[in-house]
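Here are some notes for a colleague who has not seen this structure before. They go point by point through selected side-chain contacts.

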Amino acid sequence: MWRSWLARSVRDAEVGGSSPLTPTSLYVTDIIPANGRFIILNRLVNSADRFQQCHKFLAFPYAVIKKYGEDNGGYQAALLTYYGFLSLFPLLLVATSVLQIILHSHPNIRSDVIGHATQYFPVLGEQLQSNVHTAHGAGVALVIGLLLTLWGAKGVADVFQYSLNHIWHVPRIKRPGFPSGLLKSLAVIILGGIGLVAASLLSGLAAGIDHTWAFRIIASLVSILVLYLVFWTIFRIGLAGAAQASHGALFRTALTAAIGVQILQIFGGYLVTHELGKLKHLYGTFAATLGLLFWIYLEARLVMYAAVVGAVYDERLWPRSLDKANLTAADRQALKGQAKRERSVIPEKISVGFKDQK
């Protein structure tokens, strides 16, 4: 009997009837073999869509999530993880070798700097230090070896530049080539590396003064400030045509990345330890490697989301629609940007239109 009543209620809804539907009926509409079985669900989705479009605290996060998926943010994060993992050991080799030369007579300071650099990898930092040693040699041979190592490590900076320009819808024709692209990548590596070590050192010094909660908060704030400056700089360098990006967009991008990295640092020990605990039972000695990949991937996703936050703000890409058939102005602008970023040569002209627009 209740099934026939529910079917009549849905048919009444199709023709504009006013039969009441109880909340329980929402869970059983899928059993009705009628064309209007999804009318109630569609009305709920449309109501939710209108609500989120009218409220920025929902529209902006949804626009960020949608753009992250449209721009293959997960794929970009995976590439960044791959090259970041391959670049990690060469970069540590370069750092230890350079510090060995500069701080030859200060071994304690050298070990402190390397120790703080590896703090960005909770639990795994000690293993990284014990498995990366100084490159030995002298003169030209050592310099050539370090340059080749640094060249191989620039892959992560290249992917970082590509991902930023892809997310920001920068046309291919406007992206840096050789040698400007190479110089940008080297600048990202050097400035980013020095900045991250400086952030870790300063926060460590602040935390070492006293172990109370007050000084821990101060240490975290110092770290966030330095990380903000680091991310602002490398985002500025890595983004082609950064002069067109508003200061507000770069501010939000760098601040999101800085706060996110600091939060990961605070809870990183638990996350990695929990992950390693599961992996050790399955993969044994490979668990540390997989845990390191897991951690780099988390940070890569964070950086990609930070870039998307800045792009959405800069291009005013909200509110977005839940329904692909009813596009908002932000939807149309985002789709146009996706098409126009593929422009590869100067004579090429790309125009985008929509059927529902005259």
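Predicted model: local features only at pLDDT ≥ 70, side-chain atom pairs only at ≥ 80, totals over all residues.

1. R332 lies over the face of F354, 5.2 Å from the centre of the ring.

2. The whole structure contains eight salt bridges. One of them joins the side chains of D71 and K67, with 2.6 Å from N to O. Both D71 and K67 are buried.

3. R320 forms a salt bridge with E70, and their closest N and O atoms are 2.6 Å apart. This pair links distant parts of the chain, 250 residues apart: R320 is in the loop between α12 (287-315) and α13 (329-340), while E70 is in helix α3 (residues 56-70). Are the two partners buried or partly exposed? R320 has a relative accessible area of 1% and is therefore buried. E70, at 23%, is partly exposed, because buried means under 20% relative accessible area.

4. D71 also forms a salt bridge with R341, where the closest N and O atoms are 3.0 Å apart. D71 lies in the loop between α3 and α4 (73-102) and R341 in the segment after α13, so the pair ties together parts that are 270 residues apart in sequence. D71 is buried, with a relative accessible area of 1%, and R341 counts as buried at 6%. Salt bridges with shared partners join K67, D71, R172, R341 and E342 into one network.

5. H169 is found in the loop between α8 (155-167) and α9 (180-209). Which residues does H169 touch, leaving out those up to four places away in sequence? They are K67, D71, E315, A334, G337, Q338 and R341. Among these contacts, K67, D71 and R341 belong to the salt-bridge network described above. H169 has a relative accessible area of 9%, so this histidine is buried.

6. The structure holds six aromatic pairs. One of them is the edge-to-face pair of F60 and W318, at 5.1 Å centre to centre and with 80° between the planes. F60 lies in helix α3 and W318 in the loop between α12 and α13, so the pair ties together parts that are 258 residues apart in sequence. F60 is buried, with a relative accessible area of 17%, and W318 counts as buried at 17% relative accessibility.

7. F231 and F235 form a tilted aromatic pair, with ring centres 6.2 Å apart and 35° between the planes. Both residues lie in helix α10 (residues 213-238), four residues apart, which is about one turn of the helix. F231 is buried, and F235 is buried too. Ring pairs link F160, F231 and F235 into a cluster.

8. What makes up the nonpolar surface patch of about 380 Å²? The patch is made by I259, I263, I266 and F267. I259 lies in helix α11 (residues 247-283). With a relative accessible area of 35%, I259 is partly exposed.

Notes
Residues numbered from 1 in each chain as written. Heavy atoms only, no water. Patch = residues over 30% accessible without salt bridge, like charges linked within 9 Å, V, L, I, M, F, W, Y side chains within 5 Å. Areas by Shrake-Rupley, 256 points an atom, 1.4 Å probe, with all protein chains shown as cover. Salt bridge = Lys/Arg side-chain N within 4 Å of Asp/Glu carboxyl O. Helix = DSSP H or I, 4+ residues; strand = E, 2+ residues; numbered from the N terminus. Buried < 20%, exposed > 50% of the residue type's maximum accessible area, 1.4 Å probe, protein only. Contact = heavy atoms within 4.5 Å. Phe/Tyr/Trp six-rings, centres within 6.5 Å; stacked < 30°, edge-to-face > 60°. Lys NZ or Arg CZ within 6 Å of the ring centre and 35° of its normal.
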